Amino acid sequence: MNQNRVYEYRRNFIMSLGGVAAVGVIGSGFVLQTASAAGEIAAKPADQPVTNAKRWGMLIDVTKLTDGGAAMVAACKQEHGWGDEMHSADAQKAHWSRVVKVTDKLTQNSFSLPVMCQHCEKPPCVDVCPTGASMKRADGIVQVNKHICIGCRYCMMACPYKARSFVHEPLQDQKPHSPRGMGTVESCNMCVHRIDEGRLPACVEAAPDAVIFGDLNDPNSAVSQAMKTVGGKQIRADLGLNTGVRYHGI
Amino acid sequence: MTSKLSSVFLAATLAFATLLAGCGKAPMEADLNLATAKAKSEQCVEPENVIRTKHMDLLMHKRDATVIEGIRTTQHSLKECINCHVSTTKQDGTPLHYGDKEHFCTTCHVAVGQKIDCFQCHADRPQIDQDPNYQHTVGSAAGHHFTQGVTAAAAPTVAEIKMVAQPQQGAAK
């Protein structure tokens with residue numbers, strides 16, 4: 001254990017050195033992996049409410065996702081236990097996250113990217129919810145408060161990213177950290193239970209070289225720095241939603 | 001007028017008495033192996049009488065604090081109730097769910113005829129594969145309030161269990 005701590009300390013130290021060194025050569029290469037390895041998400045004290053001091057977000061480098069994000073989706077399934085609904089038709093199945101293939105009609109250039117809740121600053125799903133169940137947490141995470149969700153699915157209609165799905169059938173043996181049940185809408189919640197513990201979301205862990213996760217409010221955070229360097233595109237930027245999930249290479 | 005009032009009062013008293021008599025049919029303390037439970041009750045987050053009368057309020061308050069504000073303390077957390085009080089399997093080794101009479105929550109909720117909605121979404125038993133160190137200290141399999149006693153006492157009828165749990169169709173498949 002102690003030995004591991006030492007290694008971890010050394011690794012972090014070397015990583016930070018690497019980060020400093022990489023700043024000099026930013027023109028030649030993209031430094032996503034260096035930054036993401038830092039894992040700079042600090043644990044909030046469990047008894048303190050979240051504040052708007054931070055806004056969580058991530059930058060996904062699509063060019064580094066060799067599988068188009070399938071591993072990220074698989075990690076999400078594993079973490080939250082969705083995707084094995086037995087009685088739902090294919091069109092009704094849960095999709096907290098999915099791989100979307102995009103092809104340019106003119107050039108036939110094609111790539112895939114994982115699409116999940118984009119955690120908008122101004123979420124349309126929150127605007128339309130009649131009960132307040134679709135909500136944005138103070139730290140920018142958009143989620144469904146299933147305790148007061150009545151299953152009207154208005155948010156599913158409002159979401160421009162088709163990020164939400166509805167549970168059509170009774171479920172059993174859900175994950176203790178991720179309750180989900182019939183009659184409620186669900187979507188990516190950026191693994192709130194992990195973030196509150198200071199851990200990275202499951203999909204970020206599954207693709208450490210391609211995704212940087214961090215605080216968008218902090219200009220010095222790895223994710224902010226990476227976006228400053230390479231830019232981060234929003235899907236449907238024309239809607240002006242200021243999404244928390246950004247992409248590079250689309 | 002007075003007679004009307006008194007007759008109403010009498011009816012109410014009778015109804016209450018019937019209710020009490022109904023409670024009398026519940027397993028007596030002597031039938032139940034309460035030693036473990038009593039020893040462990042001091043480790044619970046609140047005194048037993050507070051938990052019995054107020055657990056729903058505590059859980060209601062806690063759920064909003066958790067979902068909206070991200071306060072994830074173990075105090076009054078449903079997950080911790082389950083971890084501590086519910087066994088993962090029945091005594092014959094099959095998975096234990098809230099529709100079963102051995103389930104910690106169901107034992108009481110059957111007796112008072114109160115439906116539980118929590119477990120339509122929440123996990124109704126600890127997941128050892130997720131967390132091998134779950135706090136299974138009280139452990140119904142080790143002899144808790146009703147799990148030992150209920151087998152000896154009159155078991156709740158199928159209708160009673162259905163009323164409480166109401167497993168949705170397809171859940172058992």
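Residues are numbered from 1 along each chain as its sequence is written, and chains are lettered from A in the order in which they are written. Because the model is predicted, local features need pLDDT of at least 70 and side-chain atom pairs count only at pLDDT 80 or more, while totals for chains, interfaces and linings use all residues; side-chain values use heavy atoms, with hydrogens and water left out.

**View 1. The interface of chain A and chain B.** Chain A gives 28 residues to the contact and chain B gives 25 residues, where contact means heavy atoms within 4.5 Å. About 2,400 Å² is buried between chain A and chain B, and carbon and sulfur atoms give 53% of this area. Buried area is the accessible area (1.4 Å probe) that two parts lose on being put together, summed over both. In chain A, the residues that lose the most area to chain B are His147(A), Asp173(A) and Pro176(A), together 24% of what that side buries.

View 2. Two salt bridges are found by the rule across the interface of chain A and chain B; a salt bridge is a side-chain nitrogen of Lys or Arg within 4 Å of a carboxyl oxygen of Asp or Glu. In a salt bridge, the side chain of Asp173(A) meets that of Arg125(B), at 2.8 Å from N to O. Nine residue pairs, both members at pLDDT 80 or more, are in polar contact across the interface of chain A and chain B. A polar contact is a pair of N or O atoms within 3.5 Å; within protein, one must be able to donate a hydrogen and the other to accept it, and residues adjacent in sequence count only if both atoms are side-chain atoms. Helix H6 (residues 192-196) of chain A supplies three residues, the largest share of the side of chain A that touches chain B. Helices (H or I, at least four residues) and strands (E, at least two) are DSSP runs, numbered from the N terminus.

**View 3. A network of salt bridges.** Salt bridges link Arg137(A), Asp139(A), Asp196(A) and Arg72(B) in a network. Over all chains, the count by this rule comes to 13 salt bridges.

**View 4. Two salt bridges within chain A.** Arg180(A) and Glu85(A) form a salt bridge, with their closest N and O atoms 2.6 Å apart. Arg180(A) lies in the loop between strand S6 (165-166) and strand S7 (185-186) of chain A, and Glu85(A) in the loop between helix H3 (70-80) and strand S2 (97-103) of chain A, so this pair ties together parts that are 95 residues apart in sequence. Both Arg180(A) and Glu85(A) are buried; buried means under 20% relative accessible area, exposed over 50%, and partly exposed in between (1.4 Å probe, protein chains only). A salt bridge also joins the side chains of Arg194(A) and Glu205(A), at 3.3 Å from N to O. Because Arg194(A) lies in helix H6 and Glu205(A) in helix H7 of chain A, the pair ties together parts that are 11 residues apart in sequence. Arg194(A) is buried, at 6% relative accessible area, whereas Glu205(A) is partly exposed, at 44%.

**View 5. The largest nonpolar core.** This core has 39 residues, and those with the most contacts inside it are Met58(A), Ile60(A), Met72(A), Met190(A), Val211(A), Phe213(A) and Tyr247(A). A nonpolar core is a set of buried Ala, Val, Leu, Ile, Met, Phe, Trp, Tyr and Cys residues joined through side-chain atoms within 4.5 Å. Among the elements of chain A that each supply at least two residues of this core are strand S1 (56-61), strand S8 (211-215) and helix H7 (202-206). Not counting residues up to four places away in sequence, the residues that Met58(A) touches include Met190(A), Cys203(A), Val211(A) and Phe213(A).

**View 6. Helices and buried residues of chain B.** Chain B has seven helices and zero strands. Of its 173 residues, 33% count as buried. In helix H5 (residues 104-112) of chain B, the buried residues are Cys105(B), Thr106(B), Thr107(B), His109(B) and Val110(B). Gly113(B), whose phi is positive, near 65°, follows H5(B). Tyr98(B) lies in the loop between helix H4 (78-85) and H5 of chain B and is buried, with a relative accessible area of 10%.
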